[in-house]
Amino acid sequence: ILSHRIIWSFVLVLVLMIGLRRLHRIRPVLKNRGQMLRLTVATFLLAGNWFLFIWAINNNKILDASLGYYINPLLNVAIGMLFFAERMRRFQLVAIALAVTGVCIQIVSFGSVPWIALTLACSFAIYGAIRKRLPVDSMTGLWLETTILLPIMLVYLFFFADSAASDMTANTWQLNLLLMAAGIVTTAPLLCFTAAAQRIRYATLGFFQYIGPSLMFILAVWVYGEPLATDKLVTFAIIWTALALYSIDTLLHQQRSKRA
């Protein structure tokens with residue numbers, strides 16, 4: 001699945017770049033060693049995030065993945081404060097403290113480390129922070145990211161993959177269509193994310209990231225029937241409280257700014 005996500009994303013973004021006549025933007029980035037180094041680090045963080053997410057979904061860990069993407073916005077707030085000199089208000093700091101408390105309670109009281117959630121949250125937050133600092137537009141950056149990963153994925157797919165679905169000539173057309181669609185559902189939101197990361201405050205970006213984990217939570221509990229254990233429920237409740245506090249504070253601040 002990861003291989004197909006990368007291969008078809010590469011093809012789709014290449015078509016878009018040709019159609020929009022943006023191929024000339026690639027060469028300046030390739031010539032800049034510093035930018036390429038940072039982009040490569042971001043690329044492997046993103047690939048790791050994709051891989052773990054796919055593994056979690058296919059191993060009935062959708063709730064863990066959902067928790068990770070609930071933590072991610074609050075982690076974005078912390079990164080914005082530490083690395084982008086974004087001033088945090090009191091309630092935002094309280095929200096971050098609540099999130100840390102929720103994770104600590106799960107570790108101490110229930111003896112379970114939410115490693116899937118923490119890894120997903122940290123890898124994507126750090127990826128976003130690196131991409132925010134890179135003066136590379138979202139489409140060019142995404143195409144270069146998939147280009148970096150493409151040789152690895154092709155070697156794996158053709159020489160090491162032992163899945164029954166790895167041979168597209170033996171698959172049904174419905175399965176092949178789903179595999180190709182992985183490129184679309186990967187490319188569209190990531191282009192939007194990287195474009196937004198360079199245009200708005202990083203803390204504000206986190207505010208819009210509640211929709212994904214909310215849908216994942218609904219799917220996990222009501223569609224796929226994952227059990228909502230006590231440790232997860234407590235952690236979710238505290239994270240939701242933190243997000244509600246952060247959201248209310250953000251809305252109030254925006255209203256005060258408009259009045260001013």
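Predicted model: local features only at pLDDT ≥ 70, side-chain atom pairs only at ≥ 80, totals over all residues.
Biologist: Which residues of helix 1 and helix 7 make the contact?

Modeller: On helix 1 they are Leu2, Ser3, His4, Ile6, Ile7, Ser9, Phe10, Val13, Leu14, Leu16 and Met17, and on helix 7 they are Met139, Thr140, Leu142, Trp143, Thr146, Thr147, Leu149, Leu150, Met153, Leu154, Tyr156 and Leu157. By class, this contact of helix 1 with helix 7 has 17 nonpolar, six polar and no charged residues.

Biologist: Why is helix 6 called oblique to helix 8?

Modeller: Helix 6 (residues 115–133) packs against helix 8 at an angle of about 55°, the axes being 8 Å apart. Roughly parallel is kept for angles under 35 degrees and roughly perpendicular for 65 to 115, so helix 6 counts as oblique to helix 8. The crossing of helix 6 and helix 8 is right-handed. Phe124, Tyr127, Gly128, Arg131 and Lys132 of helix 6 meet Leu190, Phe193, Thr194 and Ala197 of helix 8 in this contact, which by class has five nonpolar, two polar and two charged residues.

Biologist: At what angle do helix 4 and helix 11 pack, and how far apart are their axes?

Modeller: Helix 4 and helix 11 (residues 230–259) pack at about 30°, with axes 11 Å apart. Angles under 35 degrees count as roughly parallel, so the angle of about 30° puts helix 4 and helix 11 in that class. Their crossing is left-handed. Among the residues that make the contact are Leu63, Asp64 and Tyr70 of helix 4 and Lys232, Phe236 and Trp240 of helix 11, and the residues of this contact divide into 13 nonpolar, two polar and two charged.

Biologist: How do you know which residues lie nearest the centre of the largest pocket, and how many residues line that pocket?

Modeller: A lining residue has an atom within 4 Å of a pocket point, and for the largest pocket there are 33 lining residues, with Arg5, Phe53, Val185, Pro189 and Met216 nearest its centre. The space in this pocket is about 1200 Å³. At least two lining residues come from each of helix 3 (33–58), helix 4 (62–83), helix 8 (173–197) and helix 10 (211–223), and helix 8 gives the most, with 10 residues.

Biologist: What is the make-up of the lining of the largest pocket by class?

Modeller: The lining has 25 nonpolar, seven polar and one charged residues.

Biologist: Which residues lie nearest the centre of the second largest pocket?

Modeller: They are Ile1, Leu2, Ser3, Tyr156 and Ser163, out of 19 residues that line the second largest pocket. Helix 1, helix 3, helix 7 and helix 8 are the elements that give two or more residues to this lining, and the largest share, four residues, comes from helix 3. The second largest pocket holds about 390 Å³ of space, and the residues of its lining divide into 12 nonpolar, six polar and one charged.

Methods. Residues numbered from 1 in each chain as written. Heavy atoms only, no water. Contact = heavy atoms within 4.5 Å. Nonpolar A, V, L, I, M, F, W, Y, C, P; charged D, E, K, R; others polar. 1 Å grid on protein atoms, 1.4 Å probe; cavity = no way out; pocket = protein on both sides within 12 Å on 5 of 7 lines; lining within 4 Å. Points joined across faces, edges and corners; volume = space filled by probe spheres on them. Axes fitted to C-alpha atoms, helices over the stretch in contact; angles between N-to-C directions. Left-handed = near helix turned anticlockwise from the far one by under 90°. Parallel < 35°, antiparallel > 145°, perpendicular 65-115°, else oblique.
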